[in-house]
Amino acid sequence: MFVIKYRKLFYSISVILMSASLVALFVWGLKPGIDFSGGSLIEISYNEGQRPQISDVISSLESIDPAASVRVSGNNDFIIRMKDVSQVEKAAVMSALSLNGAASTTVKAFDSIGPVLGEEALRKAYISILLVIIGIVLFITFAFRKVSEPVSSWKYGLTAIIALIHDVVIPAGVFSVLGHYAGYEVDTLFVTALLVVLGFSVHDTIVVFDRVRENLKNSSSIKPFGEVVGESISQTFTRSINTSMTTLIALVVLYLLGGSSTEHFTLVLIIGIAVGTYSSIFIGSPLLVTLERWQARKSEKKS
Amino acid sequence: MLKHRARAVFIIVIAAVIGYFVYATNQTDSTHAFHLGLDLSGGTHLVYKADVSKVAAADVSDAMTSLRDLVERRVNIFGVSEPLVQTERNAALSSAGSEYKLIVELPGVTNVDEAVKSIGATPLLEFKLLTAKEMSAYASSSQATATADVEKDPVYLALFKETGLTGRMVSKASVEFNQTTNQPVVGLTFTSDGRDLFATITKAHIGDYLGIFLDGKLESSPVIRDAILDGKGQISGTFTVEEVQSLVRSLNFGALPVPIYLISSQTIGPSLGQEAVNGGIKAGIVAFIVIALFLIIWYRLPGLVATIALAIYVTLSLAIFKLGVSPLVIIFCIVLIFMAMRYHWAWGAAAIIFYTLMAMIPGVLSPVTLTAAGIAGFILSIGMAVDANILIFERMKEELVRGRSISDAMHEGFARAWTSIRDSNISSFITGFVLYFVGSTSTVTGFALVFVVGVMVSMFTAITVSRLLLYAIAPAHDNKFTRFIVSNGFRKGKETLNS
């Protein structure tokens, strides 16, 4: 199976992508949305042709929040990001946005989230990521507990975690780049999307592992482990690609037609599921073979 | 064969009936119309932090309940259709002890100023004690002589001690007039708890001062002259008649048992929600068509079966979103569906019957609130739902290549794909449940609920529906053509392992 044969090539592709993502994350980090950092996000629509200059709006908002940022959305809309405003300040913000009544406005959305709630959302995000990873690793270790030859069951779990880290780091890296260049922010939905990617990727990895388990049980002759894994990958190859295909079809359609509120969410899912499919075929199972080789080499040295 | 066909027809008829139910209940006035979240219908979502630090631990949940009831009453007076007022506690996940929150959702309200005012303006009424000894000590201190307005001196106010008697224990307030001065005063009637507490306090503190605080401001501090046993009291101060009337109204609407602070407000205009709904519907239909084409081209006859199963999947899921869910019912249904996979497909029918019974008992299930993220989750699940079918069909193809008959290959395909389907879906359930129970916003929990329902229903349709349909239309003759149409892909299957 070419996947096993050229596994070092596939590892290198992943290592390059992951390093690039990690560098982006260290240099630029992720831009937290108001869910996490607290603050206000206002989407405001002006009457046709009445949208003022960005600089006018910014200077008009200066007295309330000098750090307010305004960006264009659609033909008549602005999206304003500024500090968390109280109910009292809100009226002042609205009048500033209409340039003291000079332009008529419609508020499409006005979100204001206090810092307390933001911290809580962040904490819950970490907790959910942790719980999902723990739950999945425990489950894999349990499901593969009877498989011990030639690779023990916890190694399946370990391999799955490596694949998982891979699947989360790359979309995060992409969003770090997009955050730096296009102002993409990460919010609670971003974390949700990452968790779905985790679930999906494990789902994919498990299907291959499952086949390895079955083939190990059934193989009468003593075949090299690498060959069994290679066969398992080739047997599940079409299925992995096709399932990802239907899922990606749904997501791409959603990205194109689904409206702006879930656009970023869908993008994370598209990247994550594409990367997750790659990792379950080209990283997860080949790593099992690599682990087995190391193990074999070690025991050879001992004897 | 005939048995399978009869069952398949039965399933399709039931699905059609459910489909009609989903379609017929789409008017917004129907009790089973889709329940749209605020981000789709437009409206306001307010989160308040409730400061319970001054309430005894044992009384907190009571205080929160009465807080919710009072705010609900306020909101109802404001005239919002279907408002949602709920309290939330997160002890386990918060760093600094328990935090209590009050969440208010006002669908259709986008001008929130008035609503926020009417919720927040309710006064906080507290009764505090100042002993006669401390009062005289204060009065003779230099502080008192230096301060012009004693009632605003923080040193003086800090002398008052909590009694536990608050506006929560007031059952009724009314406008009264002081018989000697003819000043308007607020007459109070306590609840039975309040009456007992008031009696105990006044009995033990004759000669001391009772400070009456409204929103932290000292209104009056009369001397307790006698034990008051009848549970009646007065707030006198320098009020005008109008002030007393508005106070009485507020107190009757409910003096808030605990102070609340607005920590988040989200307002979504109706246009943004409409855009998300339309986009979601369009995306769902297009995604379905493209996936169906893909399935039929690649998987031929089984692909057609998978497409029908997918249509039934969509119908069932939509019906469940309307009829509602509850975590326990969902978990039980998942167990039944796992049993259907492991033992006999009839357990799947049991899951349906169980769910239908639960749906008939009012109050057991609550409808799924669809949000933009929920719709996205549902469309995602349409893509993922096919997975179980694909696993089964690929397995079938392998069995065919190994030289089994069509009918044997079908049975083997279902039997052998089961472990993969089980294991892979469990990981989706883990993600879904964690998101549902730990999720911080209604967006996340809304997504999680739709996702879990989607995974559950997709397992059901793959195991029960596709299986029966496939058996029903399985070609009776084993020849080159029939083998072609039940096989798949464009590569010839290779003979691989230990055949």
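**Notebook: helices, strands and the A/B contact**

I started with a helix pair: the axes of helix α11 (residues 327-342) of chain B and α14(B) come within 10 Å and cross at roughly 165°. That makes α11(B) roughly antiparallel to α14(B) (angles over 145 degrees count as roughly antiparallel, under 35 as roughly parallel, 65 to 115 as roughly perpendicular, and the rest as oblique). For the record, axes are lines fitted to C-alpha atoms, for helices over the stretch in contact, and angles run from 0 to 180 degrees between N-to-C directions.

Before going on, a note on what I am looking at: this is a predicted model, where local features need pLDDT of at least 70, side-chain atom pairs count only at pLDDT 80 or more, and totals for chains, interfaces and linings use all residues. Residues are numbered from 1 along each chain as its sequence is written, while chains are lettered from A and ligands numbered from 1 in the order in which they are written.

**Back to α11 and α14**

I noted the crossing of α11(B) with α14(B) as left-handed (the near helix is turned anticlockwise from the far one by less than a right angle; clockwise would be right-handed). Who touches whom? On the α11(B) side I found I334(B), F338(B) and M341(B), which meet W418(B), I421(B), R422(B) and F429(B) of α14(B). Contact here takes C-beta atoms, placed from the backbone, within 7 Å. By class, I get six nonpolar, no polar and one charged residue in this contact. My classes: Ala, Val, Leu, Ile, Met, Phe, Trp, Tyr, Cys and Pro are nonpolar, Asp, Glu, Lys and Arg are charged, and the others, Gly among them, are polar.

**α13 and α15**

Next I looked at α13(B) and α15(B), which pack at about 25° with their axes 8 Å apart. That makes α13(B) roughly parallel to α15(B). Their crossing is right-handed. From α13(B) the contact includes G374(B), G377(B) and F378(B), and from α15(B) it includes G446(B), F447(B) and G454(B). The tally for this contact is eleven nonpolar, nine polar and no charged residues.

**Chain B overall**

I count 16 helices and 13 strands in chain B. These are DSSP runs numbered from the N terminus, helices being H or I with at least four residues and strands E with at least two. Of its 499 residues, 45% count as buried. My cut-offs: buried means 20 or more other C-beta atoms within 10 Å of the residue's own, exposed means 12 or fewer, and partly exposed is in between, with C-beta atoms placed from the backbone. Among contacts in chain B with a separation of 6 or more, 75% come from residues 24 or more positions apart.

**Strands**

I went to β2(B), where seven of its eight residues are buried. β2(B) is joined by eight bridges to strand β4 (residues 99-107) of chain B, antiparallel, and K49(B) stands opposite K101(B) there. Eight bridges also pair β2(B) with β12(B), again in the antiparallel sense, with V47(B) opposite S264(B). I call two strands paired if DSSP finds at least two bridges between them.

I then checked an open sheet of three strands in chain B, in the order β7-β8-β11, with antiparallel pairing. β7 (170-177) and β11 (232-235) of chain B stand at the edges with a single partner strand each, so one side of each has no neighbour in the sheet. Neighbouring strands are turned by 30° against each other on average, direction ignored. Strand β8 (residues 184-190) of chain B has four bridges to β11(B), where L188(B) has G233(B) as its bridge partner.

**Where A meets B**

What does the A/B contact involve? I logged 66 residues of chain B in contact with 64 residues of chain A. Elements giving two or more residues on the chain B side include β2 (43-50), β12 (260-268) and α10 (270-323). That side has 33 nonpolar, 24 polar and nine charged residues. Strand β4 (residues 105-113) of chain A pairs with β12(B) over five bridges in the antiparallel sense, and S112(A) stands opposite S265(B).

**Two single residues**

I flagged R300(B), in helix α10 of chain B: its phi is positive, about 50°, although it is not a glycine. R300(B) counts as partly exposed, with 17 C-beta neighbours inside 10 Å.

Last, I looked at N100(A), in the loop between α5 (87-97) and β4 of chain A. Is N100(A) buried or exposed? N100(A) is exposed, with 9 other C-beta atoms within 10 Å. The C-alpha atoms of N100(A) and S60(A) are separated by 8.7 Å, and the two residues are 40 apart along the chain.

Note on methods. Two residues are in contact if their C-beta atoms, placed from the backbone, lie within 7 Å.
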